[in-house]
Amino acid sequence: MTRLRNTLKDLAEEAPLVNLADAAIAIHRRRRRTMLAVSTVATVAALVATTAGAVVIWPRGDHMATPQRVDTVPDLPDGKVGAIEHAYQTPCKVSEPGRVLDCSAVEWRVVTRSGTTYRVPQALVSSPKALRAPVAISRDGRMLAYYSRDAQAHVVRDLVSGVKVTSPVTVKEDRIGPGSMLAVSEDGRYVAFDPREGSKDPGLLIDMRTGKTVSIPGKYEVISIKDGAAELIRYRKTDLWLMPVTGGGKPVRFDGVFIMFSELSPDGRTVVAVDFPEVRKRVLTLLDAKTGRTLRKVPIRGLPKDGSVDGVATWLSRSEIVVVGGDKGRRFSYAVDVNTGRARLWATYSAQLGQGLTLTLPGVSYSW
């Protein structure tokens, strides 16, 4: 049974008054990652629905995606390029009159803080078992992590210094399954790899310098790596485990079912999440990562009227957190004051991102 079915079953018992199916579908459509599994069938069905009657061609697992040369976007060069603001995957193309939805040319691109866009042909975009392979960005935008088919391992690029490090730990490409997640520490030393969401297949935290690894139980998903600890979430219960990069520690259980977790606050103990029954209400919940207590609820003020809250990302300060949302085909992020709930526009991504594309922001493993 998939994570989606398990989640809906458990939540139906715990919160029967919530329209769980609608909530899950809304999250699925707007966010690539939450606690819900993104299955191949669901993804293809969603794409076909947007291109009625289309035939879908996905990237094959035995070769790299065909380079997209329909514009003048250059390849990411070796050496220094500067910190990046976000990464995204290019869209599938629809050819007429055959209505063929061709996804074979999908590729990862990064956008620097200076506004320059680069193709990243070295980054795997799909595997034999997954339609999408993840990339990760450190919270300061300096480090870019991805899986290299040539190396059969993860690579971390320091885009400020130009240094590239290939993991001494090889990982078979077919371990990258549906909903695979990736996180990288701010110094680029640690990479956390979750092979498949909702499975019992354990993840791996890799020391890129020494090759030492720490196993991550399959029931946990990695959110971020910060201040020497990997933030791991077990959904449905809900547990949070701040696991030291050397292993150890123990999880804390929250009273409730929460999704869309942020990284750990600068205070070292607060995280922001969304209470599942309130997924449509644009309300943030502040949680104590040390005790499991709910600290307070914060309704968000200042989002577009029809804008959704699709995820929570990094802290900008002790009082502001980045919230990702969408509205009428746009993708945006807002800085939200966790004391007042007041939101101010942080960034918009409509220039590159339309419906169905994958957006990756610094600091967290989620993509939207």
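1. Strand E2 and strand E27 (residues 359-360) form an antiparallel pair held by two bridges. Within this pairing, Tyr88 is placed opposite Leu359 of E27. These remarks, like those that follow, concern a predicted model.

2. Strand E2 also pairs with E5, again in the antiparallel sense, here through five bridges. Ile84 has Thr112 as its bridge partner in E5. Strand E2 spans residues 84-89 and is mostly covered, five of its six residues being buried.

3. As to the overall composition, the chain comprises three helices and 27 strands. It has 368 residues, of which 55% count as buried. Among contacts with a separation of 6 or more, 52% are between residues 24 or more positions apart.

4. The structure contains 15 salt bridges. Within it, Glu107 and Arg109 form a salt bridge whose closest N and O atoms are 2.9 Å apart. Arg109 has a relative accessible area of 5% and is therefore buried, the limit being under 20%. The value for Glu107 is likewise given as 5%, so Glu107 is buried as well.

5. Glu107 also meets Arg119 through their side chains, in a salt bridge with an N to O distance of 2.9 Å. Because Glu107 is located in the loop between strand E4 (100-102) and strand E5 (108-112), while Arg119 belongs to strand E6 (residues 117-119), this pair ties together parts that are twelve residues apart in sequence. Arg119 is buried, its relative accessible area being 2%.

6. A further salt bridge connects Arg269 with Asp288, with 3.0 Å between the closest N and O atoms. Arg269 lies in the loop between strand E19 (258-259) and strand E20 (270-275), and Asp288 lies in strand E21 (residues 283-288), so the pair ties together parts that are 19 residues apart in sequence.

7. Turning to the aromatic side chains, the count of aromatic pairs is six. Tyr220 and Trp241 make an edge-to-face pair, with 5.4 Å from centre to centre and 70 degrees between the planes. Since Tyr220 sits in the loop between strand E14 (213-216) and strand E15 (221-226), and Trp241 in strand E17 (residues 239-244), the pair ties together parts that are 21 residues apart in sequence. Both Tyr220 and Trp241 are buried.

8. For the rings of Tyr366 and Trp368, the centres are 6.0 Å apart and the planes stand at 55 degrees, which means that the pair is tilted. Tyr366 counts as buried at 0% relative accessibility. Trp368 is buried too, with a relative accessible area of 1%.

9. Finally, which residues form one aromatic cluster? The members are Tyr235, Phe254, Phe258 and Phe261.

Key:
Residues are numbered from 1 along each chain as its sequence is written. This is a predicted model: local features need pLDDT of at least 70, side-chain atom pairs count only at pLDDT 80 or more; totals for chains, interfaces and linings use all residues. Side-chain values use heavy atoms; hydrogens and water are left out. A salt bridge is a side-chain nitrogen of Lys or Arg within 4 Å of a carboxyl oxygen of Asp or Glu. Buried means under 20% relative accessible area, exposed over 50%, partly exposed in between (1.4 Å probe, protein chains only). Helices (H or I, at least four residues) and strands (E, at least two) are DSSP runs, numbered from the N terminus. Contact means heavy atoms within 4.5 Å. Two strands pair if DSSP finds at least two bridges between them. Rings of Phe, Tyr and Trp (its six-membered ring) pair if their centres lie within 6.5 Å; planes under 30 degrees apart count as stacked, over 60 as edge-to-face and the rest as tilted.
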